[in-house]
Amino acid sequence: MTPLQAATRETFWTIGPVGKAAFYWLAVVAILVFLYGVYARFAAYARGSEDPRDRLSDLPGRVIGATKTVLANENQFDGDLYTGVMHTFVLWGFLVLLVATTILGIDIDLYRPLTGESFWVGDFYLAYQFAVDAFGLLFVVGVGMAAYRRYRQREGRLWGKHTSFEDDAFVWTLFLLGVGGFVVEGVSMVGQPGRATETVSFVGMALATGLESSGLTAAGAEAIYGVLWWSHSLLAFAFVAWIPYAKPFHMISSFANVVARDEKAGARLPNVPADLDHTNAESLDDFTWKELMDGDACTKCGRCTDACPADTVGRNLDPRNVILDLKSYRESVSDDPVAGSGGGGGPAATDGGTVPIVADEGGVIDAESMESCMSCMACMDACPVDIEHLTSFTKMNRQLVDEGAVDSNLQDVFQDVMQKGNTFGDSQATRGDWADDLDGVEVPDARETEVEYLWYVGDYPSFDDRNKKVARALARLFDEADVSFGILFDDEKTDGNDIRRIGEEFLYLELAGHHVETFADCEFENIVCTDPHSYNTIKNEYPEVDFAEFADDPMMPFEREEPWNADGAVDVFHWTQVVEELVEAGRLGLSGDELDYTVTYHDPCHLGRYNDEYEAPRELIRATGADLHEMPRSRDDSFCCGGGGGGLWTEHEEEVKPSEERLREAVEDTDAGASIEKFVVACPMCTTMFEDGRKTGDFEDQIEIVDVAELLIEAVEVGL
């Protein structure tokens, strides 16, 4: 047998029978403590309320999908190459070392006793040692990158009120485990002359060479090996036992969170039961098991806060702190034996758990924080572990509405919608008056005429003077393309999207019921919406309303019991999607060189992040001949205008308005800079917010706000 064929090493070198027995006893204890901790964690989630979503359907498929997501580190790479590389090194290094340890255990404790020989020899052993050294080195480098980022700038996004000793302990424990393993290997190679040619263990060989150069002899290595080996083993056992009780648990809970994710979370909110059980956020009992798991899945990375426009402009909202405050409160009042071990910083309950979840003063979460949320979903899009912030935020908003503790301006909006059917408080009889100024263009009544597209116009294009221009431009585009369309006139009310996200669930239900009953009385093939907010709620949320559950509720003024569009027979579109097809078909007669403006485009949250539509508006802009330049924050990284989640109707203390910050980005940070002539939008709320920001931010002489429809109709007129 050649030296290579016989290559192996003694696993328990210098460790006697007593030491070996102690090692196995400690290993069993560590594993039992670990298993009990994991069980206790998941048992605590089971005490949460039932989740309205079926989050475990097609579990094998979910697990496979989550495994691909986690192993590819795709969420970590999103917008942050450094973190992606760092996390990839740590994750794959950790997994390979874990697998290698498992393989060695199988060989020693199963294969050898059963067969009388070892498979951990020869080529397999050499390949094993190379893999361990290679991935162990990546692991150490990755942990080093993590430590560098954490300590290079102590005011960065990794630091906050929930940063604690456990964060430091986690990083340094991993670092000591990685480095300690190599030190043990290097000392072993000095003390075992037979490993002198084991060049595949290149890190250990380099360390051994350095140690020998420093004067370490074979006898000296043998003398200190036991101390080093036990130090490394005890740290490893302590880490294994510690995992379920502190930050390392995210290695498990984050994966579980990705498995249980709702792909449409935020775009569709959970419905409320008719009996009002667990409707709001009166206590922790109202939170679902998934919402409880969100807190444990949080890694405190701060990506959500970094992406949050409310936090950026100085409002009182830190999405990470909201999730972690809820977690800290849960731990402070829980009888869960693993609770209370995490990093502090959150509110503690000293009164047996009677602290209100959300309140103006003395609550776990400040009401102002929830009022500051724009429902833009930037936090959810940025989160690498699929925490569904908006679901919990809406639950707390519902609690505030239930208590009547909302901004007086929002109370007025609710009153206007209840009495008038729109957020302007104007007479519904005037809802279609915007169409009176359309020379030569007739806007049909969809209640009386069969049409291809039932056009849901929306509040702002119907009542706001600035947005009426957008409605007229779009009507002319439809007419020019010979589209069969019609509107509901005074039977159209507020769609309810933002009403719902503010927390007025039952008013939303009334609006949904009214509209689906109205739809049922019309003959049409598809629905097209001006406003992305309307598009989202009609497409994603109306089909989920269980009208039958409220059939006996005297407060619900609708008679419908069947779900609406549950089979998806009616397609719901944003107008840019419809008109893009018309342009491609040549029905608007555009040649693509009509306009020569230099423009930038703002992605509306409800069209982009909510519904993944980024290309249709851009294709329409390009079809006019305009020169489109992207802002640094675009597509799924777009910065909210500030109008969502009730922001259109409220005032906030903020360093700068979100709309002002966005316009600054357009004229200062975009490649074309001051050459940008037009700031193009595709949402009436965005139009309103940016027209305001243009005035208050002193951008009136620098840039013009135009809707894609206005740009298109100008191009069409040039071509006529």
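This is a predicted model: local features need pLDDT of at least 70, side-chain atom pairs count only at pLDDT 80 or more; totals for chains, interfaces and linings use all residues.
Let me begin with a pair of helices. Helix α19 (residues 465-480) packs with helix α27 (residues 708-719) at an angle of about 50°, and their axes are 8 Å apart. Therefore α19 is oblique to α27. As for the terms, the axes are lines fitted to C-alpha atoms, for helices over the stretch in contact, and the angles run from 0 to 180 degrees between N-to-C directions. Angles under 35 degrees count as roughly parallel, over 145 as roughly antiparallel, 65 to 115 as roughly perpendicular, and the rest as oblique. The crossing of α19 past α27 is left-handed, that is, the near helix is turned anticlockwise from the far one by less than a right angle, whereas clockwise would be right-handed.

Residues are numbered from 1 along each chain as its sequence is written, and side-chain values use heavy atoms, with hydrogens and water left out.

Now the overall picture. The chain has 27 helices and 10 strands; these are DSSP runs numbered from the N terminus, with helices (H or I) of at least four residues and strands (E) of at least two. Its C-alpha atoms fill a box of roughly 100 × 60 × 50 Å along the principal axes. Of the 720 residues, 56% count as buried, where buried means under 20% relative accessible area, exposed over 50%, and partly exposed in between, with a 1.4 Å probe and protein chains only.

I turn to salt bridges, each defined as a side-chain nitrogen of Lys or Arg within 4 Å of a carboxyl oxygen of Asp or Glu. The count by this rule is 52. What does R41 pair with? Its partner is D296, with the closest N and O atoms 3.1 Å apart. R41 belongs to helix α1 and D296 to helix α10 (residues 289-297), so this pair ties together parts 255 residues apart in sequence. Both R41 and D296 are buried.

A second pair is E654 with R315, whose closest N and O atoms are 2.7 Å apart. E654 sits in the loop between β8 (627-629) and α25 (658-669), and R315 in the loop between α12 (309-312) and α13 (319-333), 339 residues away. E654 is partly exposed at 24% relative accessible area, whereas R315 is buried at 7%.

Because E615 lies in helix α24 (residues 615-623) and R635 in the loop between β8 and α25, the pair ties together parts 20 residues apart in sequence. E615 is partly exposed at 33%, and R635 likewise counts as partly exposed at 29%.

Finally, two aspartates deserve mention. D58, in the loop between α1 and α2 (59-72), has a positive phi of about 50° although it is not a glycine. D386 has a positive phi of about 60°, again without being a glycine, and is found in the loop between α15 (378-382) and α16 (389-403). Is each buried or exposed? D58 is exposed, with a relative accessible area of 56%, whereas D386 is buried, at 17%.
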